Amino acid sequence: MKISDVKQERVSADILIIGGGIAGLTAAVSAKEENPDVDVLIVEKQTSGYSGKANKGGGVLQYFNLEKVTPEIFNEYHANSVGGYLANQNLLKKYVAMNNELLDKMEGWGVNIPKKRIPTGPLTYMVGVDLDITLKMRKTATKLGVRFMDKTTVSDLLTADGKIAGAVGYSIIDGTFYVFEGKSVILCTGSQNYRVAPMWSNGRGDGIAAAYRAGAQMRNPEFGNFAQLYRVRSNRECVFGEQVMYDAYGENITKNFRRFPEADISSTAIAEWYNQMASGRGPVYLHPMESETTKNDTMMFYIWDRPYGLPFWKIDFEKGASVDGVEGDDKWEVIPGFVGEQSPVKVDEEMETTIAGMFAAGDVCYDGSCAPGAVPAPPGRNRGSGILNAVFAGVISGQSAAKYAAANAQQPIDENKTEELKEAAYAPLFREEGVTAKEVIDKIQDIICPMENSVYMSQHRLDVCLRKLEKVKPLVDQLKADDFHGLLSCHEAEAMVLSAEMQFKGASMRKESRGWFLREDYPQMDNENWLKWIVCENDNGEMKFSTEDVPIEEYQVQPPRFC
């Protein structure tokens with residue numbers, strides 16, 4: 001096979017949406033509601049309605065009782081207890097104010113929203129939704145006239161004079177190369193999770209890498225280090241397990257890092273596990289019967305009526321229980337597991353990226369929007385905020401993209417650039433020898449997964465990680481694929497290398513501890529020097545970093561130095 005043998009087609013739409021998870025589906029529906037005449041196309045590398053993260057795991061939405069918790073009240077709590085004053089407080093207030101409206105919108109789009117709310121923190125609740133949430137959304141989008149192309153991946157974005165022009169990609173079934181024209185584009189490709197944790201592993205950062213290569217700025221790439229506690233035997237996630245942690249001698253170690261109820265796990269729980277193990281006081285166990293939120297393994301299955309997901313949860317629980325056993329501490333031995341959740345594509349409050357006409361929504365730009373502050377997101381230490389933020393950003397980006405498409409003409413497609421991107425996309429298929437995507441991914445995981453490298457960091461360990469990464473980077477040009485599915489894996493491996501470099505270099509740059517971000521060698525929050533967002537961009541092939549001052553004087557809540 002030669003590059004000239006590859007079939008090529010051109011596809012046009014007013015709005016091109018890349019990614020068919022909850023963010024992409026919301027954006028599509030929102031755009032059609034804003035302008036029913038706009039032509040919307042969703043391109044999804046798997047199958048829209050089944051892809052993304054909203055239809056996996058627990059399926060919960062964040063809820064605020066707005067009669068008691070105003071956006072201003074939550075902003076104050078979030079700044080002081082969660083986001084470390086790095087949140088865009090204007091955007092966060094808008095998210096809280098729209099909370100009930102978003103739930104109503106979803107219900108109107110066919111999603112079953114149960115009335116029962118469960119408290120998850122001092123000010124927040126969560127409500128469970130079934131795992132058919134995105135199937136219901138696709139059905140609504142189809143009724144509104146949204147078009148779909150499944151099993152087609154977007155490899156790169158096209159620009160003209162600083163404006164979006166479209167994208168290129170290929171079918172993972174037959175390899176057809178597609179040139180997509182779009183007056184506006186909405187990027188909804190998810191976060192970077194380095195293909196580690198099962199529930200999150202479909203977030204592989206390919207959209208992040210495409211945006212970076214196209215010249216879009218990234219922001220807050222260092223906050224891509226979320227971790228959770230997992231049972232050693234079954235590898236099952238232990239949500240809220242940090243509330244009841246004990247060392248091997250029966251001493252409660254939760255009290256060492258936590259003084260009051262919190263909405264979700266903190267990086268200090270991970271650091272405590274690391275220090276206990278390093279001092280010889282491990283393994284670490286949970287005592288689940290001591291907390292209402294951990295003593296009933298099956299509570300989350302039945303508390304809401306969710307018939308679609310229940311068979312899956314039952315099978316998953318039974319398999320885990322058969323491995324964990326039923327008695328003794330060994331059943332509850334836990335270790336931290338790396339999740340990731342890097343979401344750095346920079347957007348403004350209208351969800352527009354730094355490329356005119358290109359918008360983003362959901363996990364690809366959660367931290368890039370600055371809404372969660374110094375926290376890898378989702379869940380952003382607020383359970384249920386991941387799905388609901390995707391809906392929030394999807395609504396805004398859909399409306400913004402519809403207005404942009406109506407006011408702007410299609411930008412010209414650079415045919416020479418298209419051909420260049422085509423050759424680059426298919427290059428791994430034509431190499432006679434090289435390395436597999438798995439080899440590269442394994443090396444990246446070995447670097448980023450240890451908690452002392454990604455969560456409880458120090459300059460020495462970050463420097464070691466960066467030196468190891470420099471040895472992996474040349475392998476990107478040696479990636480080899482045997483088929484189109486393998487080709488997709490090669491592009492995902494390339495994205496993981498890029499994301500890891502952004503994450504480690506950003507973490508090395510931020511010399512303080514704030515929010516989830518934890519430096520062993522810089523344990524204090526530094527408001528004098530680091531009330532800043534870190535910005536990363538592609539400068540002629542080199543990764544360039546700069547900082548952007550948080551406009552803290554304009555915000556409602558300020559740290560002590562500014563009061």
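The report below takes these topics in turn.

The model is predicted. S12 and S13 pair in the antiparallel sense over two bridges. Tyr 246 has Tyr 285 in S13 as its bridge partner.

**Two backbone details.** Most residues other than glycine have a negative phi, and most peptide bonds are trans. Phe 240 is not a glycine, yet has a positive phi of about 70°. Phe 240 sits in the loop between strand S11 (226-231) and strand S12 (245-246). Gly 282 and Pro 283 are joined by a cis peptide bond, with omega about 0°. Pro 283 belongs to the loop between helix H7 (267-278) and strand S13 (284-286).

**Three-stranded sheet.** Another open sheet has three strands in the order S3-S5-S4, again with antiparallel pairing. Strand S3 (60-63) and strand S4 (118-119) stand at the edges. Each has a single partner strand, so one side of each lacks a neighbour in the sheet. S4 and strand S5 (residues 125-128) pair over two bridges in the antiparallel sense. Ile 118 stands opposite Met 126 in S5. Strands of a sheet pair through backbone hydrogen bonds.

The bridge partners named so far are listed here.

| Residue | Partner | Partner strand |
|---|---|---|
| Tyr 246 | Tyr 285 | S13 |

**Helix crossing.** How do H4 and H10 cross, and at roughly what angle? The axes of helix H4 (residues 99-108) and helix H10 (residues 385-407) come within 10 Å and cross at roughly 85°. Angles of 65 to 115 degrees count as roughly perpendicular, and H4 and H10 are therefore roughly perpendicular to each other. From H4, the contact uses Asn 99, Leu 102, Leu 103, Lys 105 and Met 106. These meet Leu 388, Val 391, Phe 392 and Val 395 in H10. By class, the contact has seven nonpolar, one polar and one charged residues.

**Second largest pocket.** The volume of the second largest pocket is about 890 Å³. Which of its 33 lining residues are closest to its centre? They are Asp 156, Arg 213, Val 476, Glu 494 and Asn 538. Several elements each supply at least two residues of the lining. They are strand S7 (152-160), helix H6 (206-214), helix H11 (415-430), helix H15 (484-509) and strand S19 (542-549). By class, the lining has 16 nonpolar, five polar and 12 charged residues.

How values were computed:
Residues numbered from 1 in each chain as written. Predicted model: local features only at pLDDT ≥ 70, side-chain atom pairs only at ≥ 80, totals over all residues. Heavy atoms only, no water. Pairing = 2+ DSSP bridges. Helix = DSSP H or I, 4+ residues; strand = E, 2+ residues; numbered from the N terminus. Axes fitted to C-alpha atoms, helices over the stretch in contact; angles between N-to-C directions. Parallel < 35°, antiparallel > 145°, perpendicular 65-115°, else oblique. Contact = heavy atoms within 4.5 Å. Nonpolar A, V, L, I, M, F, W, Y, C, P; charged D, E, K, R; others polar. 1 Å grid on protein atoms, 1.4 Å probe; cavity = no way out; pocket = protein on both sides within 12 Å on 5 of 7 lines; lining within 4 Å. Points joined across faces, edges and corners; volume = space filled by probe spheres on them.
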